[in-house]
Amino acid sequence: MSTEDVTASWNSALEKGLVDILHDHNQPRFRAQNAWIPERWRSIVNKFNEKLPYAYFNKQQIQEKEKELKGNYKIIKNARKESSLGWNDSLSMIVAEKPVWDRILLAHPKVRKFRTKPFSLFNSLASLYEESIATEDLCFTSTEESAPSSNQYMEKAQRGFKPK
């Protein structure tokens, strides 16, 4: 049986390992508008399989897991916008009374799976998916980078870059 025939079996340690690697690759020059560039995906897959050699995953499996994690993050993020909904950081779970849950489930039915299930990667995914929007690293009207912010100039200056 080849490694491509093996069914992917994810667990929380593998998901965390993937998120850590995605953070390592989360640089504007490696990202297009909504995803990593193809060369970066190859690097992500290679680093993942080097770091976690007991669990071999191909590019498609890793991309699907990243898409699933991003979707779960968005589900919880949207549900948390409700003013009466709480979040327990130590449990990594949404906290709400039954009537509140009933109302939330009407507005956000996909959040049902997190009613009794923690999502410990929420904060880590927030910093991964919200960072490019918050720092305006990406230009959303083209695939070119936007003008660097003052923070980017500071970082580049520390690495020896001098703006024109």
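1. R42 is partly exposed, with a relative accessible area of 44%. Here buried means under 20% relative accessible area, exposed over 50%, and partly exposed in between (1.4 Å probe, protein chains only). The model is predicted: local features need pLDDT of at least 70, side-chain atom pairs count only at pLDDT 80 or more, and totals for chains, interfaces and linings use all residues. Numbering runs from 1 along each chain as its sequence is written, and side-chain values use heavy atoms, without hydrogens or water.

2. R42 pairs with E39 in a salt bridge, N to O 3.8 Å. The term requires a side-chain nitrogen of Lys or Arg within 4 Å of a carboxyl oxygen of Asp or Glu. Both residues sit in helix 2, 3 residues apart, about one turn. Helices (H or I, at least four residues) and strands (E, at least two) are DSSP runs, numbered from the N terminus. E39 is partly exposed at 46%.

3. The salt-bridge count is 7. One of them joins D20 and K51, with closest N and O atoms 3.9 Å apart. D20 is in helix 1 (residues 12-24) and K51 in helix 2, so the pair ties together parts 31 residues apart in sequence.

4. D102 and K98 form another, at 3.0 Å. They are 4 residues apart in helix 4 (residues 98-107), about one helical turn. Shared partners also link E15, K65 and E68 into one salt-bridge network.

5. N49 lies in helix 2 (residues 38-51) and is buried at 15%. Beyond neighbours within four places in sequence, N49 contacts (heavy atoms within 4.5 Å) A55, Y56 and F57.

6. S92 is not a glycine, yet has a positive phi of about 55°. S92 occupies the loop between strand 1 (86-88) and strand 2 (93-95). S92 is buried at 13%.
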